[in-house]
Amino acid sequence: MEDVTSANIINCCWWILPGLVALYVINYLLKPYPSKIPPGPRGLSCTWQLLKASWNESVPELAARWAETYGPIMYFNSGGVRFCYLNTPELSRLVLAGDRFRGLTSDRVGNFLSKFTWYDGKDLFFTPYDAITRKKRKLFHKATALYGDGTERFERVVGEEVERMLEEMERRSEGDQDVQMDEVLSRALKFILCILINGERPPNESDADAIVEYDLAVNRLASEDIHLVLMAAPWMRYVPGKYRAACQKVLETRARAETIMFTRMKESFDPKNIRGIADVFLQHRDEPGYEFLKDDEHIKGVLTLLFFAAHLTSRATILHAFLILLHHGDVVKNMQSEVDRVVGERRPRVEDRQSMPYTEAVILEVLRYSTFFPLLCIRNTKENLNVESYFIPKDTLIIVNAWYFHRDPKYWDDPWKFKPERFLDATGQILPADNPVRKNLLSFGIGNRMCPGEVFARSRVFLFLTQILQKFDLLPPATEPLGSCHPDHSVKMLVRQTPPFRCRLRKRTL
């Protein structure tokens, strides 16, 4: 009889293991879904469509097509991960903000991005809704109170940077030349966010550029064609090619970004002189209940994620707004008339928002029309849920399909047209927040994990728009065609951005 050696066993395993894997896959794919599971794509077709969409960075578009087929709620399982898409604002509010479900759908789970980039759950986003996360959110609100909405300090920070930007715009527009708007607007925004986090303007522009470079590297890593593959096969980060290159870029840029946002701040920290958001977190390291902040990774994770979220979303809002306005001269004229009437020649203030309903409506419509964050919330169910007669298993990822219902004609008249007046009542006033039309707009999420910086972000956008339109008329470029503002033409990333674009700026005479 042949001896049973280690070599024999290993040789047999090479033949047996593929068969076992094949049996598992067949059993998994053919396993029937419970009868009360929501409808949705099934089997190999589902996985194949997702792979193609992720490669083309078009998962939101695929989710919109599926929503047309399967209705308000859909469920599917891909690669062992359960997904439930909420395709209406009503269901999104019910599942994520309703009294019955809110406590069961407030957690988020880590993924490759959070584990690799933000220290495996030490950030403010990909975390369970536990005591530490709630304390971090509380500190964030305390920190933003340093610049609180409507206060003089916040307006001064934004106003001074916008003034510098206006001077640069005037220089660049001499002789009716084209101005690279995405470059100019982004430059001012990155300085503002650096000031909000560190409390002071970076001594040189290269520091701000380093943080932005890190943000763009993370946004690239988070894009669908890369992140979905790394979630399923994290070992691909070691294989030469775009996956390893994307990971390496994050590591290279993170080191300098953290030095600027955290290390220097920690070394120069003075509890008697709280400068910005970083100092607020450093200040609480020795307070009872905040001992977790003595782990530097908690603060670094929060600061880098805050800059990432604030920079990319504010950049997307502002750049989409100006590209859209270049295609809608009548909207620009209406906004300028409101600015002239309410503000005159003084610098705009946040409190002016209350007297400028048309400008507020434009900002809301920019958020709806562009929907630059197409798939929102990404929560994890703590328990089995029964929603609208459907069964949603525990540990299912809940995703709000804003890309779909922000353009659903059931909720929006002529949804692919830019119409700020949809957010105004018959007297021209902004619709209240509890109006059904306003409630259909979920750009900042919903429920316990709603974006804590919504008001802060909208205030920044308001000050940018009003100060620029107070000083300049917007005209199409002279040297090239004006790019499309249609949402389908956005650059497809986690947070979708506009393509680079130019325009002419002509100084107004009041």
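**Close-up views of the predicted model**

**View 1. Phe126 is a buried residue of the model, with a relative accessible area of 10%.** Buried here stands for under 20% relative accessible area, exposed for over 50% and partly exposed for what lies in between (1.4 Å probe, protein chains only). This is a predicted model in which local features need pLDDT of at least 70 and side-chain atom pairs count only at pLDDT 80 or more, whereas totals for chains, interfaces and linings use all residues. Residues are numbered from 1 along each chain as its sequence is written, and side-chain values use heavy atoms, with hydrogens and water left out.

**View 2. Ten aromatic pairs are found when the whole structure is searched, and two of them involve Phe112 with Phe116 and Phe125 with Phe126.** The ring centres of Phe112 and Phe116 lie 5.4 Å apart with their planes at 10 degrees, so this pair is stacked; rings of Phe, Tyr and Trp (its six-membered ring) pair if their centres lie within 6.5 Å, and planes under 30 degrees apart count as stacked, over 60 as edge-to-face and the rest as tilted. Because Phe112 and Phe116 are four residues apart in helix H5 (residues 112-117), about one helical turn separates them; helices are DSSP runs (H or I, at least four residues), numbered from the N terminus. Phe112 counts as buried because its relative accessibility is 11%, and Phe116, also at 11%, counts as buried. The pair formed by Phe125 and Phe126, by contrast, is edge-to-face, with 4.6 Å from centre to centre and 75 degrees between the planes. Of these two residues, Phe125 counts as partly exposed at 23% relative accessibility, while Phe126 is buried.

**View 3. Ring pairs join Trp66, Phe76, Phe83 and Tyr85 into a cluster, and two arginines lie over aromatic faces.** Arg134 lies over the face of Tyr129 at 5.3 Å from the ring centre, and Arg201 lies over the face of Phe191 at 3.9 Å from the ring centre; the criterion is NZ of Lys or CZ of Arg within 6 Å of the ring centre and within 35 degrees of the ring normal.

**View 4. Met169, Leu185, Leu221 and Phe464 touch the most other members of the largest nonpolar core, which has 141 residues.** Helix H13 (residues 296-326) gives the most to this core, with 18 residues. A nonpolar core is a set of buried Ala, Val, Leu, Ile, Met, Phe, Trp, Tyr and Cys residues joined through side-chain atoms within 4.5 Å. Leu50, Met74, Phe76 and Leu397 are among the 14 residues of a second, separate core.

Key:
Helices (H or I, at least four residues) and strands (E, at least two) are DSSP runs, numbered from the N terminus.
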